[in-house]
Every structure is written in C-alpha cells, then in structure tokens.
Amino acid sequence: MVARWLVQFRSLLEQDGLAVTVIALDAGVLVALAAGMLVQDSWLSFVDGRLVAHHWLPHVDTLTRWTLGRSWIDQQWAAHLMLYEVAARVGLVGALALGVACVVSALAIVAVAARKLGASSPRTALGMLVPLVAAPWMTQLRAQSLALPLFAGVYALLVLDARRPGRRVLWTIPLLLIWANVHGSVTLGAGLVALRGAELLLRRTAPLRGSALLVCAPLAVLASPYGFRLAAYYRLMLFHPPLASFVQEWRPAYVSIATAAFFFSAFLVCAAWGAHPRAISSFEAFALVILLVSGLLAVRNAVWFAFAAAVALSRLLDAAWPTHIDDSPSIRRTNRLVATAALVAVAGLSAVQAVRLPAALHRAFPPSAAAAVASAAGHDGVVLADDAHADWLLWDQPVLAGRVAYDVRFELFDRNELEQLTLLRAGSHPIWRSCGSSASVVTFANVAAERPLSREGVLAAGSRTIVRLPGFVAIRQPVRHTGARCAL
C-alpha cells in the first residue's frame with residue numbers, strides 16, 4: 001500500500017509539479033510570517049474556546065466590564081474550542097500550524113477542483129497565486145481559518161456538479177452542518193448550495209436533489225446548539241452590522257495597496273469571462289458574481305471570491321491562451337525535482353520556525369508584561385486595554401475576566417456606543433472623564449498611540465508607566481471618581 005501511495009505521489013509531482021510548487025511557496029510564506037498570524041481574533045478564539053471548554057456555550061458576556069451580562073451568542077464556538085484545545089495542548093506554535101494547514105488544504109482542494117474541471121497544470125498553478133495575493137487577511141489565525149477548507153470543499157462540489165451532476169453534491173449539506181458552528185460565512189455557502197438546488201429544479205435534471213439542496217441549505221445554517229436564536233444574530237450581522245462603520249475589514253472595498261490585487265483579479269476574471277463565456281458553467285458565473293459583490297460590500301469577504309476566482313481563472317486563461325502541454329520525460333522529471341525541492345524547503349523552514357517561534361512569541365507577548373498589568377490592577381481594578389492586547393491579557397491572566405473594559409467583540413455594542421468608543425480612543429476629554437478615568441491600568445499598542453493622551457493631560461495626574469515594549473505600553477493611573485456616568 002505504501003509503495004502504491006509513493007507511485008501516486010510521484011505521478012502527482014510529475015503531472016502537477018508547478019501547482020504543487022506554488023502551493024508550497026504559499027505555505028512557505030505563511031510559515032515565514034507565522035509570528036504575524038497571531039492577531040486580536042486569535043487571542044479571542046483562545047479565550048472564548050477556554051470558556052466553552054470549561055463552562056459550555058456562553059449566553060451572556062462574562063469577560064469584559066462594559067458589556068458584562070449582555071446577551072452574547074458565540075456562533076463560532078466550535079472553531080474557538082478547536083483553536084483553544086490545540087493551543088492548550090500543543091502550544092501557540094501548534095495553533096499556528098493548524099492555521100497554515102487550513103490555508104494549504106483549502107488551496108489544495110481548489111487546485112484539485114480546477115484540474116478535474118479540465119484546467120491545465122500551468123494555468124492551475126497561476127490560479128493558485130490569486131488567493132494569498134488578493135486576500136492577505138487569510139494569513140491571520142482566526143475562526144475564519146477553519147472555514148477556508150469548508151468553503152473550498154463546498155464550492156468544489158458545487159462547480160463539479162454543475163459540469164457533471166451526481167449525488168456527490170449532497171455532501172455539501174454535512175459540510176454546511178459543520179460550518180454552521182465554525183464561522184458566520186456559512187450563510188454565503190448555504191446561499192450557493194441553495195442556488196445550485198434552484199438551478200437543478202428549474203432545469204428538471206435532478207428535482208429530488210435540487211429540492212434537498214434548496215430546503216436543507218438554509219436549515220443547516222441554524223444547525224447549532226443555539227438553534228433559532230441564531231436568526232437574530234444573523235439578522236444583525238448581515239443586514240444591520242454595527243461594525244461596518246467601525247472595523248476596517250467590515251467596510252466596503254476601496255482601491256488601495258492592500259486591495260489592488262483583489263480588484264485586478266476581479267477585472268481579469270470578468271474580462272476573460274466576457275471573452276470566453278463558455279469556459280465556465282452558468283452556475284459558476286452566477287456564483288462568481290455573488291462572491292464578487294460580497295467582496296465589494298465588505299473587504300473581509302474578498303477571500304471567498306479569491307478562492308472561486310482561482311478555480312475559474314485557470315480555465316479562462318486556458319481558453320484565452322491555449323498552450324501545448326509538453327509531457328516528455330524530461331519535463332516530468334523537471335516538475336518532480338522542482339516540486340520536491342519546494343516541499344523540502346518548506347519542511348526545512350517549518351523545522352526552523354518550530355524551534356525559533358516560541359522564543360519570538362515570548363518576546364512579542366511576554367507573560368511578565370501581562371502579569372504586571374494584572375498586579376497593577378489589583379483585585380478589582382479595571383484595565384482599559386487596546387484592541388490588540390485585550391484578549392491576550394484575558395488569555396494570559398484569566399483573573400482579569402470581567403475587569404478588562406472591552407475587547408474585539410464589537411458586535412456587543414450598538415452604533416452609538418461604538419461612536420463613543422471611537423472618541424475614547426481619540427482621547428476625547430468628556431468621554432475619558434466618564435469612562436477612561438475609572439481604569440486602573442491603560443494599555444496602548446504602541447508609543448505613538450500613548451503620547452497624544454499623555455501630552456494632552458487626558459491621563460490622570462500621577463500616572464506612571466509600568467510596561468514599555470516596542471509593541472505594548474501599559475500605564476498605571478490613579479482612579480478618579482468623578483461621578484460622571486460612562487456611556488459605554
């Protein structure tokens with residue numbers, strides 16, 4: 001059996017060496033930048049996962065002071081739980097490895113789908129460049145990371161079914177059932193599955209399968225221990241998201257350095273499709289339009305379009321620039337050697353990072369700094385932490401639960417409160433007097449954010465710095481009881 005697998009692997013490298021090389025390069029970039037994959041949402045996942053592991057599903061907030069007792073639905077509970085278990089049992093490096101594995105597996109699924117749909121190996125390799133370049137947010141470790149292979153699997157089944165209908169498309173339903181507990185993007189996946197079901201019904205090619213997809217896909221979205229309570233959650237997050245005016249990635253896409261590749265890939269796909277409309281199925285064309293509009297409405301959705309574009313673009317490029325595939329022994333040998341070299345390089349880089357990363361993460365997020373903040377806060381002091389470090393403090397110092405002012409779960413605030421929070425960040429004197437002055441410890445993500453507040457006298461007299469690192473500053477301030485009521 002092992003010998004047969006080795007033969008199959010050798011054949012894969014010889015036929016698809018370019019695609020394997022590009023995916024290996026993508027993996028190498030992720031491994032090299034692994035320390036930067038830990039962001040606010042990473043720490044949030046660890047903290048929420050620990051809460052689920054110890055107390056099961058949360059229904060009200062118990063983690064932050066200003067939203068204490070508010071209704072909270074942790075829709076991503078399964079992703080949070082998995083990331084926590086890996087981080088707790090294997091360490092942060094293990095959690096980062098899981099994030100890299102999710103991205104790489106999604107790319108591999110997309111590449112397999114493109115090849116099965118008839119794309120050539122060189123064009124498939126070009127398509128594999130799109131996701132990482134057009135959607136760099138996927139490099140961040142978060143609940144969305146675990147949704148990437150689920151989206152890739154669902155989308156691959158749908159586009160393959162559009163070419164060769166069969167019962168395998170029903171596997172999208174169990175994937176949606178898992179996805180419904182991992183990430184809110186399941187609504188987008190369910191919409192695509194329902195679209196395929198409607199197409200099967202309208203064409204009367206497989207009415208039973210079409211009906212099953214059309215009925216089960218929307219119901220799968222609610223397949224969670226929270227049940228129908230998720231309806232209100234999705235109504236808020238999809239139709240009236242308060243985050244749209246506060247969090248950058250929830251805002252509509254606009255041309256910038258970060259989004260240039262997304263707009264370029266969208267233009268390339270649209271131009272190639274206009275020139276060769278028969279290169280992709282009608283379902284795939286509709287899906288690309290839906291995903292493109294979704295990416296334009298919110299920057300965070302660009303990743304889904306990028307994966308779909310990778311599947312379509314390879315065949316569109318084949319249609320636009322047909323090329324003769326040289327399958328000679330020398331080319332097959334070259335493919336095998338190049339792909340093998342890329343895989344060995346990634347393996348070597350991964351080994352180096354596995355040794356180096358623990359010390360690097362310790363320097364970036366030193367436990368001593370978190371302990372100093374907890375000590376300065378005492379038994380009942382409030383910590384007004386910056387967005388980047390609030391959940392890290394909760395992760396490293398669980399005793400701060402309920403005493404960190406707020407974290408990145410901005411959906412717990414309404415629009416008015418988010419506006420007040422924006423003013424607080426900017427050092428507004430009235431808001432600071434009513435809210436910020438009650439904090440025993442205030443933290444900043446960098447010195448540049450601290451200086452304006454210190455210079456303008458917003459911080460209480462007698463404040464002193466207790467931690468000063470390149471990416472983290474913590475200040476102990478005397479608590480002032482002004483009698484003003486905090487609007488948050």
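Colleague: Does Tyr-84 count as buried or exposed, and at what relative accessibility?
Modeller: This is a predicted model, in which local features need pLDDT of at least 70, side-chain atom pairs count only at pLDDT 80 or more, and totals for chains, interfaces and linings use all residues. Residues are numbered from 1 along each chain as its sequence is written, and side-chain values use heavy atoms, with hydrogens and water left out. Buried means under 20% relative accessible area, exposed over 50%, and partly exposed in between, with a 1.4 Å probe and protein chains only. Tyr-84 therefore counts as buried, at 10%.

Colleague: Why is the pair of Trp-43 and Phe-46 edge-to-face?
Modeller: Rings of Phe, Tyr and Trp (its six-membered ring) pair if their centres lie within 6.5 Å; planes under 30 degrees apart count as stacked, over 60 as edge-to-face and the rest as tilted. By this rule there are 16 aromatic pairs. For Trp-43 and Phe-46 the centres are 5.8 Å apart, and the pair is edge-to-face because the planes stand at 85 degrees.

Colleague: Which helix holds Trp-43 and Phe-46?
Modeller: Helices are DSSP runs (H or I, at least four residues), numbered from the N terminus. Trp-43 and Phe-46 are 3 residues apart, so about one helical turn separates them, in helix α3 (residues 40-55).

Colleague: Which residue lies over the face of Trp-72?
Modeller: A charge sits over a ring if NZ of Lys or CZ of Arg is within 6 Å of the ring centre and within 35 degrees of the ring normal. At 4.4 Å from the ring centre of Trp-72, the residue is Arg-409.

Terms used:
Helix = DSSP H or I, 4+ residues; strand = E, 2+ residues; numbered from the N terminus.
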